[in-house]
Amino acid sequence: MGFARGFLEIERQDPSKEPVEVRIKHFNEFISAFSDKTAINQAGRCMDCGIPFCSHACPLHNVMPEINQAVCEGNFALAYQLLSCSNNFPEITGRICPALCEEGCTLSLTNKAVSIKGIERKIADWAFAQGLVKAHSAEVKTGKKVAIVGSGPAALACAQELVRLGHQATIFEKNDRAGGLLRYGIPDFKLSKTLIDRRVRQLEREGVEFRLSTLVGNKTLEAGVHNDATQVVSADELLAQFDAVVLCPGSEVPRDLKLDGRELKGIYFALDFLIAQNRENNGDEANPIDVRGKQVVVIGGGETASDCIGTAIRKGATKVTQLDYHEKLPESVEVTDYFPYWQPKLRTSTSQQEGCTRRFACSTTKFTGKGTVDGVDTVQVKWGPKRKITPLPGTEDHIAADIVLIAMGYAHPSAALVQAFDLKTDARGNVLAPLNGENAYRTSHPRVFAAGDGRKGQSLVVYALSEGRQCAQQVDTYLRTL
């Protein structure tokens, strides 16, 4: 159980961060990995409790007590072997996962949780540095071919599992580089794109084929859905050339805010801004959305909004204001009321710490300006039963804005892809496919499967990885009946 008195005598430690005044001057990762000694000590806090709620809380069900024990003993090689059994890309989750596992750490009931996320990143980075992460090819090939649409975490995990099971996997991605929102949605200061490139090379060595700038379906995509495609492949072509098709398109269609003034210049979807900046960081053209010296308003309260905040600050915005129409959560809650699940309490991201004005229970009512946006009108709201929102008279306000970024999340995958395969959807427009049972992950078409946010709805990378892995198992079962 780690060190016998580790959970009593060792304090929790988080990975160190560059000071705000330093990190806002660049787009590089600013959170450091644990040293060997720190990782060993932090893993030594694990109590190896009788019921590992941490493993239960994690969608990938990583066996953290065993992994922590290996780290505690200084056996990082064994720790990576255990971790890679359930997590295809721990160097990614170790950076951007919100750490559901730590919410389920039993130690958090009386103390601070074990630093599982930091330990996970350390293990993965150590394994790469030691050359332990190698391509694994199946000894026996089945000759079965699978097309995977999309190249985000669900698609990458699904492809890797399928080729390791002996099948051929071909990924079709409409943009010019693989990675999905890992590549173009998450800023470089949170996730270096060299990590994605490294994994893509590994998958190629294992036998995964990537067909980039290739759109499946047709070019009639919704506003806000980005597309670099130079060629188009029809659904019928995929069904004719492959034994099975897996759809992992993500939840791409952004939620809009259709208010008076929405047509004004200077109002953008979040990904218009984030994708352009990631392209600039990669050496492509400069970000056309120039926020330097400007007042930026970000509408939305989630991770995408936070990413916009950190990016705008680094690009020289003079003021960044975040409008969140949810009420402000308490700074702490009674842990036992929610354990081992996610606690509804106020959290402040590293981007928000860098200099952002946050307004809660604040609803936007109108965009103002003549030709170009110059501000937004707002009103405070009160949340009631059944999520009823009531505007509070006398709380109307106006916030100056040169640039407005709409970061209100994503509604569903592109309807064009769904229609191309003539699939059924749920009430929200997600691809309809059950999560469990003999038809798990199978859509209304018998040879088409779906996984990730395009099936589940917008969620976390760790859920996408889990669904990609599980979907691959279902596809394998199906292929072996042919």
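**Questions on the predicted model**

Author: Arg-121 has a relative accessibility of 11% and therefore counts as buried. This holds within a predicted model.

Reader: In which helix does Arg-121 lie?
Author: Arg-121, buried at 11% relative accessibility, is in contact with Glu-29, Ile-31, Ser-32, Ala-33, Gly-94 and Arg-95, its neighbours within four places in sequence being left aside. The element that holds Arg-121 spans residues 116-129 and is helix H9.

Reader: What radius of gyration does the protein chain have?
Author: The C-alpha trace spans about 65 × 65 × 45 Å along its principal axes. For 482 residues, a compact globule would have a radius of gyration near 23 Å. The protein chain agrees with that expectation, because its own radius of gyration is 23 Å.

Reader: What percentage of the residues of the protein chain count as buried?
Author: The secondary structure comprises 19 helices and 18 strands. The accessible surface comes to about 21,100 Å², and carbon and sulfur atoms account for 50% of that area. With the cut-off for burial set at under 20% relative accessible area, the buried share of the 482 residues is 54%.

Reader: How far apart do the centres of the positive and negative side chains lie?
Author: The protein chain carries 57 positive and 57 negative side chains. The distance between the centres of these two sets is 0 Å.

Reader: How many disulfides does the count come to?
Author: A pair of cysteine sulfur atoms must lie within 2.5 Å to qualify as a disulfide. The count by this rule comes to 0 disulfides. For Cys-49, the nearest cysteine sulfur is that of Cys-54, at 6.1 Å. For Cys-158, the nearest is that of Cys-471, at 4.6 Å, and Cys-158 too is in no disulfide.

Reader: Is Cys-158 buried or exposed?
Author: Cys-49 has a relative accessible area of 22% and is therefore partly exposed. The relative accessibility of Cys-158 is 0%, so this residue counts as buried.

Reader: In which strand does Val-381 lie?
Author: Val-381 counts as buried because its relative accessibility is 5%. Leaving aside neighbours within four places in sequence, its contacts include Tyr-325, Ala-361, Cys-362 and Ser-363. Glu-396 is 15 residues from Val-381 in sequence, with a C-alpha to C-alpha distance of 9.9 Å. Val-381 belongs to the element of residues 372-383, strand S13.

Reader: What is the phi of Ala-361?
Author: Ala-361 occupies the loop between strand S11 (357-359) and strand S12 (362-370). At 10% relative accessibility, Ala-361 counts as buried. Most residues other than glycine have a negative phi. Ala-361, by contrast, has a positive phi, near 50 degrees.

Reader: Where is Ala-99 placed?
Author: Ala-99 is not a glycine, although its phi is positive at about 65 degrees. Its relative accessibility of 6% makes Ala-99 count as buried. Ala-99 is placed in the loop between helix H7 (90-96) and helix H8 (100-103).

Reader: Is the peptide bond from Phe-339 to Pro-340 cis or trans?
Author: Pro-340 is located in the loop between strand S10 (319-323) and helix H16 (350-353). Most peptide bonds are trans. The bond from Phe-339 to Pro-340 has an omega near 5 degrees and is cis.

How values were computed. Residues numbered from 1 in each chain as written. Predicted model: local features only at pLDDT ≥ 70, side-chain atom pairs only at ≥ 80, totals over all residues. Heavy atoms only, no water. Helix = DSSP H or I, 4+ residues; strand = E, 2+ residues; numbered from the N terminus. Rg over C-alpha atoms; globule rule 2.2 N^0.38 Å. Buried < 20%, exposed > 50% of the residue type's maximum accessible area, 1.4 Å probe, protein only. Areas by Shrake-Rupley, 256 points an atom, 1.4 Å probe, with all protein chains shown as cover. Lys, Arg positive; Asp, Glu negative; His and termini not counted. Charge placed at Lys NZ, Arg CZ, Asp CG, Glu CD. Contact = heavy atoms within 4.5 Å.
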